Structures are given as structure tokens and as C-alpha cells.
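Have the viewer open as you read.

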Amino acid sequence: RTDLSYVPKKLDVLSTSEYIEYINEATLNSTGNLHTIYNSQAKINKITEKNTDWQDIIFRTGVSQNHSLMMTGGDEKMKYALTAGYLTQEGVIQNSQFDRGTIRFNFDRDFSSKFKFGMNISGGITKNDAAQSASDKGEPSMSVIIAALKTRPTQTPYTDDELIDQSFTGNPYALLYLVEDINKSTSVLANMHGIYTVLPGLSAKLRGGIQYNNSHRDFYHPK
């Protein structure tokens, strides 16, 4: 199975030419003069060469795929079932993804007319490569979405040397590809039981089980 996820509607933001017009109008109303950076047509022409829509930079159409496998079998004295699944889910924010693998095995066996044995084993592994998408204080350096809405269209992801620009706080592209937040988890659950018939109408049952859970998070945020 394959699914697609996307942002149905982006927020309207200013283009570079609209931003320059807005800044000049605001500066003119407050000081009576044009903004010093945008006070000549030559400067405006050079700056308008850069027109970054940061929402186009951070968002994408995410593709999700879900695969499953099932096997069953047995005879009069034995039954088994094996199921396995794998999910990979791309986030609508670039460089974010969730992966999960699961497996389950059931087994029952009549070894004799008096002794029966059964077990259930299940396990799962997950990996969540998360994007920095939330900030309770509205801080651009901690949320790629807030950064995309607050960063000027006159700025670009890269420097002139084609390196990720870290000269200004909250470069959305830097938050996408320089910040790392990976959560991994592993879980295993196993149960086994044996039933022994001592006498007709009297049986003894022994149960045992084990559970294992482990999680690990790697986080890195450049200064």
C-alpha cells in the first residue's frame, strides 16, 4: 500500500519585491526617508535576484509505503502463524521520516495426548527522524516552520561558496539538514506455556514470559 501526504495550502507570504515595497513604505512613514538598503534602483535590482519561498524549501509530498507478510500452516497436532510488517513514512517536511518493522510468531504443538506446548513472540523496531517543527516560544532556531515564515525572501539557503548559510539565526535549510533528532526503539514480548494432563479432568499449566524495551535518542543542534 502506498499513500501520499502533502500540505494542501501554504500561507501567503511576501515576495522580495513586495517585501522591499513594504519596508520602504514603513521606513518612509516613520522617518520620511527610504530604507538605506533599498534606496536605489540598482540596489533593488540586485536584491530582487533573490526571491526565496521558504515554504517551497521545507515542504514536500511525503510518500508512505506499508508492506505486510503472513504465513500459516500446521496439521492435526501443530499450528503456526507468522506475520511481519514494514512501514516507511516520509514526513511533509524535508528530511523527516518514520520507519517501523514488526514481527509476530504463534506456535502450538500437541507433543502427546498429555502434553501441549504453545508460545507467542512479537517484536518491533522503530526509527523516527524528526524535524524541528515546534517551539512553544516561537523561536525560529527551534522550529523549521516558524523559521520558514519569519525568514526574509531576500535570504537564501546557501552562501556564495555553496555551503549552508549559518550566518543568520534560523536558516530553515540549516534546521533541516544540520539539526539531528533521531529516536530509536526496540521492543520484544515473548510468552510460553505448557499444559500437562495428570489425570482426566486434572491438568497442570506452567506459564512464563519475558518483555524487553529499549529506546535511544540522538540529538544535535549546531550553535
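Which helices each supply at least two residues of the lining of the second largest pocket? Keep in mind while looking that this is a predicted model.

## The second largest pocket

The helices in question are H1 (16–31), H3 (54–58) and H4 (144–150), each of which supplies at least two lining residues. H4 has the largest share, with three residues. In total, 14 residues line this pocket, and those nearest its centre are Val-13, Leu-14, Leu-149, Thr-151 and Pro-153.

As for the space inside, you get about 180 Å³. Sorted by class, the lining comes out as eight nonpolar, three polar and three charged residues.

## The largest pocket

Now for the largest pocket, which holds about 220 Å³ of space. Its lining is made up of 15 residues, and Phe-168, Thr-169, Gly-170, Pro-222 and Lys-223 are the closest to the centre. By class, that lining splits into six nonpolar, seven polar and two charged residues.

Most residues other than glycine have a negative phi. To find Asn-95, look in the loop between strand S3 (78–90) and strand S4 (97–110). Is Asn-95 buried, partly exposed or exposed? Its relative accessibility is 33%, so Asn-95 counts as partly exposed.

Glu-162 also isn't a glycine, and its phi is positive too, near 65°. Glu-162 sits in the loop between H4 and helix H5 (172–177). Because its relative accessible area is 67%, Glu-162 counts as exposed, the cut-off being over 50%.

## A nonpolar patch on the surface

Which residues form the nonpolar patch on the surface? They are Phe-111, Phe-115, Tyr-196, Val-198, Leu-199 and Leu-202, with about 550 Å² of accessible area together. Strand S6 (residues 180–199) gives the most to this patch, namely three residues.

Phe-115, one of the patch members, belongs to strand S5 (residues 115–129). With a relative accessible area of 30%, Phe-115 is partly exposed, since that class runs between the 20% limit for buried and the 50% limit for exposed.

Technical notes
Residues are numbered from 1 along each chain as its sequence is written. This is a predicted model: local features need pLDDT of at least 70, side-chain atom pairs count only at pLDDT 80 or more; totals for chains, interfaces and linings use all residues. Side-chain values use heavy atoms; hydrogens and water are left out. On a 1 Å grid over the protein atoms alone, a cavity is a set of points where a 1.4 Å probe fits but cannot get out, and a pocket is an open set with protein on both sides within 12 Å along at least five of seven lines; lining residues have an atom within 4 Å of a point. Grid points are joined across faces, edges and corners, and a volume is the space filled by probe spheres set on the points. Ala, Val, Leu, Ile, Met, Phe, Trp, Tyr, Cys and Pro count as nonpolar, Asp, Glu, Lys and Arg as charged, and the others, Gly among them, as polar. Helices (H or I, at least four residues) and strands (E, at least two) are DSSP runs, numbered from the N terminus. Buried means under 20% relative accessible area, exposed over 50%, partly exposed in between (1.4 Å probe, protein chains only). Patches are made of residues with over 30% relative accessible area and no salt bridge: like charges are joined within 9 Å, nonpolar side chains (Val, Leu, Ile, Met, Phe, Trp, Tyr) within 5 Å. Accessible areas come from the Shrake-Rupley method with a 1.4 Å probe; for residues, only the protein chains shown count as cover. A salt bridge is a side-chain nitrogen of Lys or Arg within 4 Å of a carboxyl oxygen of Asp or Glu.
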